[in-house]
Amino acid sequence: MSVALSIIYLIATVTFIVGLKRLGHPDTAKSGNLIAAAGMGLAIVGTIFIHDLEVPTIIYALIGIAILVGAIIGWLIAVKVEMTKMPELVSLFNGFGGASAALIGIVEFGNADIQATSASMVITVLSAVIIGAITFSGSLMAWGKLNGKVKSVIKIPQYNIINNVFIIAVIGLAAYMTAGSIDTPVLLYALLVGGLVYGILFVMPIGGADMPVVISLLNSLTGIAAAITGVLYDNMVMLVGGILVGSAGIILTVAMCKAMNRTLASVIFGSFSASASGPEGVNKTLGTIKTTTASDTAIMMNYATNVIIVPGYGLAVAQAQHVIHELEEILTGKGVNVKYAIHPVAGRMPGHMNVLLAESNVEYDMLVEMDDINPQFNNADVVLVVGANDVVNPAAHNDPSSPIYGMPILDVENAKHIVVNKRSMKAGYAGIENELFYNSKTSMLFGDAKAALTDLVSELKGM
Amino acid sequence: MQQIIEFINNNLQIVYIIILATFVGVELIKSIPAVLHTPLMSGANALSGVVIVGAILVMLHSNPTDYLALALGFVAVVLGILNVVGGFAVTNRMLEMFKKKK
């Protein structure tokens with residue numbers, strides 16, 4: 001490798017580290033992203049032009065076309081997509097990266113003279129294929145689940161055992177191919193299919209609420225796949241970049257699990273759906289619900305001193321982030337102190353709600369994180385819960401039999417009045433009843449979040 | 001066992017890099033506000049598109065008559081750059097929205 005390219009890779013690697021570092025602070029995040037992107041561009045251009053290979057023009061042309069096509073498509077998707085679709089988009093892009101790694105592995109398997117190369121090289125190629133395939137099909141599966149294309153949560157007994165036996169068989173085949181220096185393409189394709197099937201099996205039983213964790217985990221896996229291909233080419237920028245994503249992704253995954261008070265194992269092997277049955281019997285003991293109207297809610301808010309808004313995924317689905325900002329501005333104009341309480345896993349991904357509200361120009365300072373807002377609920381006159389459910393379920397505090405027991409929640413029940421906007425009494429993603437709705441301080445404002453909030457805004461405007 | 005030790009010995013530099021980079025990655029992410037988790041995940045996702053470098057190498061090394069390798073390499077480049085450009089663009093779009101109002 002030429003010195004110039006080595007230096008370019010070195011610079012690119014440093015930009016990745018600096019970029020990731022800066023992405024961790026609100027003030028520097030944007031520049032961090034741009035720095036990393038610039039480094040990536042540098043590495044790509046350097047790879048294409050700096051080498052001592054005799055490359056026919058046709059190949060340069062093909063590379064150029066491929067980059068142009070992919071870049072344009074990627075750009076268009078990124079710019080056009082709605083902010084509510086963000087989690088599935090990340091998943092989709094991640095799947096493409098995984099597929100790319102798998103394809104590289106396939107080509108290199110064909111190139112390498114397996115008999116002559118070392119066993120470690122064969123392992124590297126095969127693991128790139130397997131991990132790449134798993135992330136590809138797994139990410140597509142997660143994407144399908146998040147946008148509702150794939151609905152079924154398959155639960156069959158011994159599912160995990162079947163899954164584990166399957167992946168062990170795939171690994172066993174890879175080991176057999178390595179040990180025996182077998183270069184039959186059929187077996188490689190068998191591995192590829194095995195990886196693809198495992199990706200689907202792996203994500204299939206995991207419920208929608210846990211999808212962010214899965215995406216983060218798959219993201220981390222793609223990093224590892226990239227690092228493995230880096231080993232293959234003895235390419236430092238791929239190696240370090242991949243490992244950085246791999247380890248950062250694992251930490252992020254664990255942080256997300258922690259926010260939901262779950263272990264990674266319980267996410268992967270599932271436990272949420274166990275108690276999904278039987279909510280009907282429970283209703284009777286919880287008491288009755290009280291409904292309210294937009295005008296009653298408006299009056300209550302108009303005379304309040306402190307209002308806290310708890311946004312949830314229902315707000316995102318209804319595209320009500322702009323209306324809620326309007327509501328907040330009107331209330332602020334009337335001298336009401338308004339804040340947003342952001343649960344770490346509100347929406348479908350940590351930070352998802354912040355992005356949505358920021359999109360509608362809500363001031364960053366008004367978004368208060370869970371630990372800071374929880375003591376403030378005691379002073380709140382009205383809490384407006386919009387399309388959130390599990391993150392405000394007191395069962396997390398006082399029902400040890402609940403699957404969400406121990407999950408940190410927003411303590412909205414400490415407020416004087418609670419208004420919950422929901423479309424229906426349907427359970428949230430965890431599939432469990434919420435006793436908050438039956439609390440004597442709670443009134444239910446049924447309806448689509450956007451419609452209900454619009455009514456609320458017009459009522460308030462008339463006051 | 002012998003093989004594992006041999007592998008580590010032959011690739012000592014790589015083993016060092018992997019260990020150090022792992023710790024760097026962990027330290028970088030450790031104390032990040034939940035607010036930034038989504039953009040961060042998206043940014044990290046864009047970085048994993050670095051695999052495109054490998055895809056380009058595949059194409060540079062392939063024989064112009066090896067249509068299978070070229071076709072697979074072509075698709076790998078398209079998917080890799082999709083991951084890179086889409087990832088960074090989406091992250092940028094998210095972060096655009098974090099601007100503080102003065």
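Residues are numbered from 1 along each chain as its sequence is written, and chains are lettered from A and ligands numbered from 1 in the order in which they are written. Because the model is predicted, local features need pLDDT of at least 70 and side-chain atom pairs count only at pLDDT 80 or more, while totals for chains, interfaces and linings use all residues.

**Domains of chain A**

Chain A is divided into domain 1 (1-80), domain 2 (86-270) and domain 3 (279-461); such bounds come from an automatic or database domain assignment. Between domain 1 and domain 2 of chain A, the C-alpha centres lie 23 Å apart. Contact joins 8 residues of domain 1 of chain A to 7 residues of domain 2 of chain A, where contact means C-beta atoms, placed from the backbone, within 7 Å. On the domain 1 side, helix H1 (residues 3-22) of chain A gives the largest share, 6 residues.

**The parallel sheet**

An open sheet of 6 strands in chain A has the order S3-S2-S1-S4-S5-S6, with parallel pairing. Helices (H or I, at least four residues) and strands (E, at least two) are DSSP runs numbered from the N terminus, and two strands pair if DSSP finds at least two bridges between them. The edge strands are S3 (367-369) and S6 (442-446) of chain A, each pairing on one side only.

| Strand pair | Bridges | Bridge partners |
|---|---|---|
| S1(A) and S2(A) | 4 bridges | Asn306(A) and Asn337(A) |
| S1(A) and S4(A) | 5 bridges | Val307(A) and Val382(A) |
| S2(A) and S3(A) | 3 bridges | Ile342(A) and Glu369(A) |

Strand S1 (residues 306-311) of chain A is mostly covered, with 5 of its 6 residues buried. A residue is buried if 20 or more other C-beta atoms, placed from the backbone, lie within 10 Å of its own. Helix H14 (residues 321-333) of chain A lies across S1, S2 and S4 of chain A and runs at about 175 degrees to S1(A); angles run from 0 to 180 degrees between N-to-C directions of axes fitted to C-alpha atoms, for helices over the stretch in contact.

**The nonpolar core**

The largest nonpolar core has 184 residues, and those with the most contacts inside it are Val129(A), Val310(A), Val383(A), Val385(A) and Val77(B). Such a core is a set of buried Ala, Val, Leu, Ile, Met, Phe, Trp, Tyr and Cys residues joined through C-beta atoms within 7 Å. Helix H5 (residues 67-96) of chain B supplies the largest share of this core, 16 residues. Leaving aside residues up to four places away in sequence, Val77(B) touches residues of both chains, among them Ile63(A), Ile67(A), Ile52(B) and Met59(B).

Technical notes: Buried ≥ 20, exposed ≤ 12 C-beta atoms within 10 Å, placed from the backbone. Contact = placed C-beta atoms within 7 Å.
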